[in-house]
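Colleague: Could you take me through this one and say what each term rests on?
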Amino acid sequence: MVTSEAKRLRICPFCEAACGLELTVSERDVHTVRGDKDDQFSQGYLCPKGVAIQDLDSDPDRLRAPMMRNGDSWRKATWNEAFDAIDRNLTRISSQHGRDATGLYLGNPVVHNTALTLYVPVLRKALGTRNVFTASSVDQIPKQLAVGLMFGNALSIPIPDIDRSKYLLILGANPLVSNGSLLTAPDIGRRLEQLRQRGGKLVVIDPRRTKTAQAADEHHFIRPGGDACFLLAIVHTLIAENLTSPGRLLPLTNGIEQVEELARTFSPEAVSSHCGINANMIRRIARELAAADSAAVYGRIGTCTQQFGTLASWLVEVIHLLTGNLDRPGGVMFPTAAHGPGNTKGIAGVGRGLRIGRWKSRVRGYSEIFGELPVACLAEEIETPGDGRIRALFTIAGNPLLSAPNSTRMSRAFESLEFMVSLDIYLNETTRHADVILPGLSPLENGHYDFIFSQLSVRNHARYSSPLFDVPNGQLSEWEILLRLTGIASGQGSRADTTALDDAIMRKLIQREANEATSSVHGRDSEEILAALHPRRGPWRMTDFMLRTGPYGDGFGACAEGLSLTKLERSPHGIDLGPLQPRIPQLLRTRSGKIELAPEQITQDIDRLKQHLAAGNRSMVLIGRRELRSNNSWMHNLKRLAAGRSRCTLQINPTDAVRLGLNDCERATVSSRVGLVEIPVELTDDMFPGVVSIPHGWGHDDSAATLRIAQVRPGVNSNRLADDEVVDVVSGNAVLCGIPVTIARTKNREAAPAAT
Ligand SMILES: Nc1nc2c(c(=O)[nH]1)N[C@H]1C(S)=C(S)[C@@H](COP(=O)(O)OP(=O)(O)OC[C@H]3O[C@@H](n4cnc5c(=O)[nH]c(N)nc54)[C@H](O)[C@@H]3O)O[C@H]1N2
Ligand SMILES: Nc1nc2c(c(=O)[nH]1)N[C@H]1C(S)=C(S)[C@@H](COP(=O)(O)OP(=O)(O)OC[C@H]3O[C@@H](n4cnc5c(=O)[nH]c(N)nc54)[C@H](O)[C@@H]3O)O[C@H]1N2
Ligand code: SF4
Ligand SMILES: [Mo]
């Protein structure tokens, strides 16, 4: 028996920072987890969640066999039993009711798991359903829609160049806790500190005085949902005071005049009371942004998951363009990812623009965006009778019962499904509604390459981690599970030949690339390339292929020094590919080949904003919050992270508490149009008066789930309060920040559940 310890490396798959971890392991055990100080990108940084990867690996509640439900009880099943049941039910439902009768929900870990990132699209295509929902519509879809319309590609998201910037305005993000999102920058606290040390300035706009706000030069409270007005007033000031300087991008931009016209009525005075920020302060921030040697504006969850998410996300980029900070060092820039994503492919500067609105959701008529519908519409698509009703549902790495709005309705809708399958690692609040649960692997049994976050990173780089442990006997890799499901969805039954399926997928990929006139393998024989990829299979064959045909690739001999997976395997700490470089106009994929500064789909929403501004609503509103030891809903079962005081509390400003007669630690009842929760009160000056906060991802009091650690302190599910009927109208994104609520002392405190 080998007992000696070995050092092994693994990119952390939990959040977007993607830190390199160094683990000491022997046999199947992990002894320590540290940051890999030689990691070319993260240089040793890690947070407590990274350390807890060992708890996830060893968690006895993590599923290791397929589970089948029989009434209220569960039993372990064989893979064949599980796939046979799926085949029987899905085939029946789709032959009776068509393809759209099967819905698909994809959760956040899909983008953190290479096998899921590459093979979920394969299943999605085979299912051919229009009823696809993802966590993007409780997250960043407004940003993707805005940049997609402006630059022609939904993943051309400008990244704040924080390592060189002299001014950073953060709205609705708390990267010191979240570790950054749509901004992959490990150890972001150090980077922001360095920004200040080199004479730069950090300003935070947030209804809560967050850890990031505390580390900033300035923090200003804002009324939730006030960002679009605030940003329009900045644009207004830039124009009114002649502070715009688009520079070299001026001839490459359409729509500047429309923007000038739209901002005309939004003076700082006109919006000040609505957003809660003094007019002179708005003007000063506009002037500072214009005067800084380089500046970036960074808006995240707080600017996306709100009523005017698309407008706010768009205005951030308008400001970058107007101040000359788009696509320049120290401003915001576009990464060039090594696997060759869409904005590096084809003819530079030429595109088809976005394809959106090809179909609409059946009940409320929301447009598809990038092939998906808003998850705020999922429950009604299950509940409403008629053609196209969802009767079967797949959830993959998602927990919509805790993460999507109006959980009470969602739960009822899930109960009414004819059939449900979940691909997940836990029996939790969502998967407990499934008929069959297929288990994923421990991250330490998976290899890892970041396809998404390499497109959102502050430096270009490429890193690969190989699996630390073998796939245990009796388990399957998630890509193999997805191929089995693809076999079922494409009518080949539950025992399809997955090797042949995978070869066919790979051949198609190669053929498409070889047909591309600008590709390094243009005109090459696909069988020759397939042979060159031998003996890799599955996601690693695809990864190797994409790296080799990508912008730094070896082109299968075209550039001997170029990148390949083999080269990455020989560089276990990763390869740094340098700082971000200016990419406009080559990056653009709009039809015009220009930046579209005023897309009509977005600007038409200004009228709604004006009406909202005139209405002047003043009720108490709820926002969320993230904390370091949580990751959305699913890490509360890990013992290292579960320790410490209860974190699921209602934060409220003492002045509001006095008015409402609430005392610290007492229970309050918080209700909204759709639901009600009872939760302990935490008084804090960190909250803007009129605004309260409850973290999302809690509410583990579902006895049918088997999360033994999480159930000890379940907390409450804040999405019982989020209203599925209220969305950012342009994108359909859920409104999770700024939910109108009423708050009262819990009357019958005896009867209150002992939760939290
Ligand atoms: N009120 C409120 N709600 C929010 C938010 C908010 O700020 N406020 N934030 C929103 C955001 S930004 C997001 S991204 C969503 C997240 O929404 P979801 O993705 O729906 O929820 P998660 O909590 O991330 O759940 C992830 C699921 O994946 C499983 N899982 C983890 N790793 C793996 C794996 O490797 N393989 C498989 N097969 N399964 C795995 C977990 O067990 C869990 O069931 O929540 C959103 N909801
Ligand atoms: N520890 C930890 N890290 C995480 C996660 C986690 O759950 N825990 N989740 C991961 C995921 S999926 C994501 S998407 C990222 C999110 O990353 P961030 O966006 O940085 O995360 P949040 O902490 O939700 O920050 C949102 C901020 O917006 C503020 N806010 C709310 N409403 C408004 C508003 O109307 N206007 C403005 N200006 N601000 C507002 C909130 O007070 C909060 O401080 O974090 C990722 N990292
Ligand atoms: S910040 Fe923490 S959770 Fe995020 S990648 Fe790094 S170690 Fe993992
Ligand atoms: Mo997210």
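Modeller: The largest cavity is lined by 13 residues, with C12, C15, C19, C47 and G50 nearest its centre. This is a predicted model, where local features need pLDDT of at least 70, side-chain atom pairs count only at pLDDT 80 or more, and totals for chains, interfaces and linings use all residues. Residues are numbered from 1 along each chain as its sequence is written, ligands are numbered from 1 and chains lettered from A in the order in which they are written, and side-chain values use heavy atoms, leaving out hydrogens and water.

Colleague: What makes a space a cavity?

Modeller: On a 1 Å grid over the protein atoms alone, a 1.4 Å probe fits at its points but cannot get out; lining residues have an atom within 4 Å of a point. The largest cavity has a volume of about 80 Å³, counted as the space filled by probe spheres set on the points.

Colleague: How do you know that ligand 3 sits in the largest cavity?

Modeller: Sitting there takes more than half of a molecule's atoms within 2 Å of the grid points, so ligand 3 counts as sitting in the largest cavity.

Colleague: Which residues surround ligand 3?

Modeller: Among them are F14, Y45, K49 and N179, near meaning a heavy atom within 4 Å. The shell has nine nonpolar, two polar and one charged residues.

Definitions and conventions: On a 1 Å grid over the protein atoms alone, a cavity is a set of points where a 1.4 Å probe fits but cannot get out, and a pocket is an open set with protein on both sides within 12 Å along at least five of seven lines; lining residues have an atom within 4 Å of a point. Ala, Val, Leu, Ile, Met, Phe, Trp, Tyr, Cys and Pro count as nonpolar, Asp, Glu, Lys and Arg as charged, and the others, Gly among them, as polar.
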